[in-house]
Every structure is written in structure tokens, then in C-alpha cells.
Amino acid sequence: MYKYATGLVVVFSTITSILLSTTANAALYSRLGGQAVYDDVADLTWLANANAADGLGFGASFNDGRMTLEEATHWVNGLTVNGIGGWRLPTSLQTDFTCSRVSHTGDFRFGSGCRGSEMGNLFYNVLGGSAHTSIVDSHNANFSFFNNFQEAFYWSSTLRPNSTTSAIGFYFHSGYLHTNNITMPAYALAVWDGDIALAPVPVPAAAWLLVSGVLALFSVGRRRQVI
């Protein structure tokens, strides 16, 4: 029985190691002239500016990129880059078994080492961050794809279990996943599902006006011929 259980542990550990190493081998690709970064393993495109809301006035009391969760959601929902919308806040797992700690109620896991959430995967696996260390101080070469990372708490769109006032987020100054009251100011990353290089190219407004004008002239010409 002991040998069987030990074998299961070894197999599970091996599978976990393979999964984590596969994620760690993600290749990043610059998109939209360096404004975005595509992760080919997670199949996500991140906005390269990790504090793109800075100075835009979305925070009620701050103008440095910090926002409440509602303000951050409003900002990201209205975000367009090179005419492409559809951005969102990252998501988190409410029960991430890679985390180091569990709440006393057992319904939420948090702490360091959390790799299951989108930001946790970005911090540890993609950027090579270390627990209890700022991503600014400890990272791999992929970090050069990004700019303006703040050594602070970043929102996810996922609420804490059994709560309507607390949302899960990630501390990029320590690699720590935890929660914050949704009315507190924090930073926000923007993410896009898939490879944004494959998004339909938006037609410039001037081109639409030109096409509309040509169609209008064509319509007038047809009416004159009928008369």
C-alpha cells in the first residue's frame, strides 16, 4: 500500500513538473508595434504597458493608474489599441492548489507560488519571477517585452468565494496572490484572448467615408438611368 501510494506521488509530481516546465517554455512575441505581447502557450495577448491607465483619470482619487475594481473594469472594457477592442482584466482561480496557504474556511487558497491564475502564470512561469521578490528585481529576458510594471497589487476580475466586496489580485512586488476590497485603489493589466495579430484589421473611418461616398454616387447614377 505504501509503495503504491508513493508511486502515485512520484507520478503526480512528474506530471506537475512537466506541466509547469511546458508553461515556463512559453515563447513571447511582440505585437502591434511593441504595444502588446503574445504568449503562445497561454494563448493570451498582454498589453505591454503594465500601467496603461496612468494619467487617464479613471481613478476617482488618483491619476497614477490606480483604480477601484469598478473603475478598472470600465477602463479595460473601453480600451482600444490600434482600433482593436475586446480587452479584459485577468482572471484568477478561487481554488489554486499551487498556492502556499489556505483560508481558515477552506474555500480560498492564497499566498506565494500561485501559478494557476493568469497573473500568477505570468509572474512565475513566463517572466521568471521569484516568491517574496519584486518582478522588477528578479525576472528573465521576457521581462523586456513589458514596461511600467508597478511593485504593487493588480486587480483580477475574479471575486473571492462567498464575497461581493472582495476581489482576488496579485502583488507583483512579492509574487503573492491575495484579495483586496473592491473599493480600494489598485493597478490593472489588460489582456486579450488569443493572438491579437489574428484580429480583424479595423477599417479606418476615412475609408468608410470614401466607400459610402462611392456607393451614394452609384445610387444617384442608377436613379438617373431609371428616370
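Mentor: Helices (H or I, at least four residues) and strands (E, at least two) are DSSP runs, numbered from the N terminus. This is a predicted model, in which local features need pLDDT of at least 70 and side-chain atom pairs count only at pLDDT 80 or more, while totals for chains, interfaces and linings use all residues. Residues are numbered from 1 along each chain as its sequence is written, and side-chain values use heavy atoms, with hydrogens and water left out.

Trainee: In which loop is Asp 43 found?

Mentor: Asp 43 is in the loop between strand 2 (36-39) and strand 3 (44-47). Its phi is positive, about 55°, although Asp 43 is not a glycine. With 38% relative accessibility, Asp 43 counts as partly exposed; buried means under 20% relative accessible area, exposed over 50%, and partly exposed in between (1.4 Å probe, protein chains only). Asn 148, also not a glycine, has a positive phi near 65°. Asn 148 sits in the loop between helix 3 and strand 6 and is partly exposed at 43%.

Trainee: What does Asp 195 touch?

Mentor: Contact means heavy atoms within 4.5 Å. Leaving aside residues up to four places away in sequence, Asp 195 touches Arg 31, Tyr 38, Asp 43 and Thr 45. Asp 195 belongs to the loop between strand 9 (191-193) and helix 4 (205-226) and is buried, at 11%. Its side chain makes a polar contact with the side chain of Arg 31 at 2.8 Å. A polar contact is a pair of N or O atoms within 3.5 Å; within protein, one must be able to donate a hydrogen and the other to accept it, and residues adjacent in sequence count only if both atoms are side-chain atoms.

Trainee: In what order do the strands of the open sheet stand?

Mentor: Strands of a sheet pair through backbone hydrogen bonds, either parallel or antiparallel. Here two strands pair if DSSP finds at least two bridges between them. Five strands form the open sheet in the order 4-5-8-7-6, with antiparallel pairing. Strand 4 (101-102) and strand 6 (153-159) are at the edges with a single partner strand each, so one side of each has no neighbour in the sheet. Two bridges join strand 4 to strand 5 (residues 109-112), and Val 102 stands opposite Arg 109 in strand 5.

Trainee: Which cysteines does the disulfide join?

Mentor: A disulfide is a covalent bond between the sulfur atoms of two cysteines; the rule used is a pair of cysteine sulfur atoms within 2.5 Å. The count comes to one disulfide, joining Cys 99 to Cys 114 with S to S 2.0 Å. The torsion about this S-S bond is about 135°, so the disulfide is right-handed. Cys 99 is in the loop between helix 2 (69-77) and strand 4, and Cys 114 in the loop between strand 5 and helix 3, so the pair ties together parts 15 residues apart in sequence. Cys 99 is buried at 5%, and Cys 114 is buried at 0%.

Trainee: How many aromatic pairs are found?

Mentor: Rings of Phe, Tyr and Trp (its six-membered ring) pair if their centres lie within 6.5 Å; planes under 30 degrees apart count as stacked, over 60 as edge-to-face and the rest as tilted. The whole structure holds 15 aromatic pairs. The rings of Phe 123 and Phe 172 have centres 5.9 Å apart and planes at 65°, so this pair is edge-to-face. Phe 123 lies in helix 3 and Phe 172 in the loop between strand 7 and strand 8 (176-181), 49 residues apart. Both Phe 123 and Phe 172 are buried.
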